[in-house]
Amino acid sequence: MTYLTFWGGTEQVTGSCYLLETGHHRILLDCGLFQGSKETERLNAEDFPFDPATIDAVVLSHAHLDHSGRLPKLVKEGFRGNLFLTEGSYQLLELLLKDAAFLELRDTEWENKKRERAGKKLLDPLFTLEDVEALLTLRKPFPYKTAIEVLPGIKLQFLDAGHILGSSIVKLELQEGDKNKTLVFSGDLGNSASPVLPDPETVKHADLLLLESTYGDRDHKALDPTLDELRVILKLAANSGGNVIIPSFAVGRTQDLLYWLGKLYREGSLPQQQVFLDSPMAINASEIYFDYKHLFNEDDPEFNRIAQKGWQAWLPCLSYSETAEDSMAINRIVGGAVIIAGSGMCTGGRIRHHLKYNLWRRNAHIVFVGFQAQGTLGRRLIDGQKDLKILGSKIHVEATIHTLGGLSAHADQSQLLAWANHFEGTKPRLFLVHGETSASHSLQTCFNRLGWPANLPKIGQKIEIS
């Protein structure tokens with residue numbers, strides 16, 4: 001008998017974690033951080049609902065922390081198996097997890113200073129840099145479309161998901177006696193409008209399908225109107241003398257932004273003379289992208305030719321802000337700049353400093369280009385909250401808030417349905433994951449109308465793969 005248990009990524013977007021148990025082996029699909037509100041993030045400190053030492057292998061769909069961020073904790077608590085991932089995820093995983101370990105240690109030290117003064121019990125970090133280093137020794141990368149037997153009777157194949165560099169659709173073929181079963185996990189599927197990476201590859205057959213539903217309740221704005229809106233925002237900010245602040249995820253969204261700003265620069269639609277990438281991690285991730293440029297799509301020959309020399313050849317007004325001093329210097333610029341910084345949901349990082357210095361300015365423009373989870377500062381801004389406290393300062397929001405859904409790195413409702421429509425013959429048993437409740441319910445309704453029942457799993461739910 002083969003079973004799958006949902007231990008994350010259900011009824012919310014983050015915390016991806018699914019336990020596959022055959023008669024002889026236990027495999028974990030992803031092991032990601034829960035992200036969003038403080039209540040949600042407290043889940044990260046809880047004990048795993050399984051013994052990490054009994055896990056034979058982990059299969060990672062991609063490097064984003066909501067899919068990978070608890071892997072060092074898994075090692076800390078006993079996991080010693082192989083970590084299978086794509087070649088494109090190999091370096092990105094190291095970059096993201098080492099940064100996460102640094103932030104975890106810093107935040108724990110700050111919290112413990114307050115606890116010590118209050119006479120409370122001190123906390124241990126979720127994981128350390130040593131745990132990350134131990135995990136990285138377990139990596140086993142291999143290219144897309146190559147099927148390998150990762151454990152006896154279990155064959156794994158990665159297909160390109162087109163979401164970020166190295167992102168994959170996971171296909172597992174399970175053999176038990178004379179029976180074969182196929183599980184497909186979509187991971188995060190990319191937006192077909194993504195300029196740098198290919199469209200998601202398709203799958204035709206499966207017995208069980210786990211499909212993401214992040215944008216299951218809506219379609220993105222078409223790309224051309226989205227770019228027109230970006231042109232208008234840039235012109236408005238230039239005319240009013242304000243800055244354009246863009247919270248962005250370091251991996252995926254930032255690289256797409258650099259591409260589009262380069263396109264606008266080349267057509268004369270970027271009035272700002274300064275574009276700052278204020279994120280050491282995003283800078284490093286952008287350089288890693290070019291280590292794997294053979295994975296880029298071929299839609300734009302001009303980009304593929306010019307960008308061989310790097311992002312600053314493509315966007316000459318781009319400056320990298322690597323040090324804290326570089327970042328603080330940007331805060332003295334009151335207008336005329338585009339500032340890209342993390343974190344993408346404004347939950348931490350340098351973006352909070354730029355918001356502190358710009359949100360109260362009437363001529364400033366804040367542009368959201370990615371999903372904002374419930375409970376995050378980014379979500380509160382999008383929802384129209386006017387009075388906030390950022391880095392100890394009370395801020396009244398006067399800046400104009402924009403959302404550009406067309407630049408999302410996720411597939412939208414129509415794209416998800418179109419991708420799933422490639423399955424032939426008897427449709428696989430379908431479970432919708434990685435979506436807030438409203439998004440998953442909406443996508444479920446769409447599938448039900450097609451005569452394809454879609455299930456919404458609960459945390460801890462265990463199903464038999466038959």
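Me: By class, how many nonpolar, polar and charged residues does the lining of the largest cavity have?
Reply: In this predicted model, the largest cavity holds about 40 Å³ of space. Its lining includes Asn191, Pro195, Asp256 and Trp260. By class, the lining has five nonpolar, four polar and one charged residues.

Me: Which residues lie closest to the centre of the second largest pocket?
Reply: This pocket has about 320 Å³ of space. Its lining counts 22 residues. The closest to the centre are Tyr215, Arg218, Phe371, Gln372 and Ile382.

Me: Which elements give two or more residues to the lining of the second largest pocket?
Reply: The lining of this pocket has seven nonpolar, nine polar and six charged residues. The elements that give two or more of them are helix H13 (377–382) and helix H15 (437–449).

Me: Is the aromatic pair of tyrosine 215 and phenylalanine 371 stacked or edge-to-face?
Reply: The ring centres lie 5.8 Å apart, with 85 degrees between the planes. Planes over 60 degrees apart count as edge-to-face. So the pair is edge-to-face.

Me: Is phenylalanine 303 buried or exposed?
Reply: Phenylalanine 303 pairs with phenylalanine 296, 6.2 Å centre to centre. The relative accessible area of phenylalanine 303 is 3%. Buried means under 20%, so phenylalanine 303 is buried.

Me: Over which ring does the charged end of lysine 73 sit?
Reply: The charged end of lysine 73 is 4.3 Å from the ring centre. Lysine 462 has its charged end over another ring, that of tyrosine 3. For lysine 73, the ring belongs to phenylalanine 48.

Definitions and conventions: Residues are numbered from 1 along each chain as its sequence is written. This is a predicted model: local features need pLDDT of at least 70, side-chain atom pairs count only at pLDDT 80 or more; totals for chains, interfaces and linings use all residues. Side-chain values use heavy atoms; hydrogens and water are left out. On a 1 Å grid over the protein atoms alone, a cavity is a set of points where a 1.4 Å probe fits but cannot get out, and a pocket is an open set with protein on both sides within 12 Å along at least five of seven lines; lining residues have an atom within 4 Å of a point. Grid points are joined across faces, edges and corners, and a volume is the space filled by probe spheres set on the points. Ala, Val, Leu, Ile, Met, Phe, Trp, Tyr, Cys and Pro count as nonpolar, Asp, Glu, Lys and Arg as charged, and the others, Gly among them, as polar. Helices (H or I, at least four residues) and strands (E, at least two) are DSSP runs, numbered from the N terminus. Rings of Phe, Tyr and Trp (its six-membered ring) pair if their centres lie within 6.5 Å; planes under 30 degrees apart count as stacked, over 60 as edge-to-face and the rest as tilted. Buried means under 20% relative accessible area, exposed over 50%, partly exposed in between (1.4 Å probe, protein chains only). A charge sits over a ring if NZ of Lys or CZ of Arg is within 6 Å of the ring centre and within 35 degrees of the ring normal.
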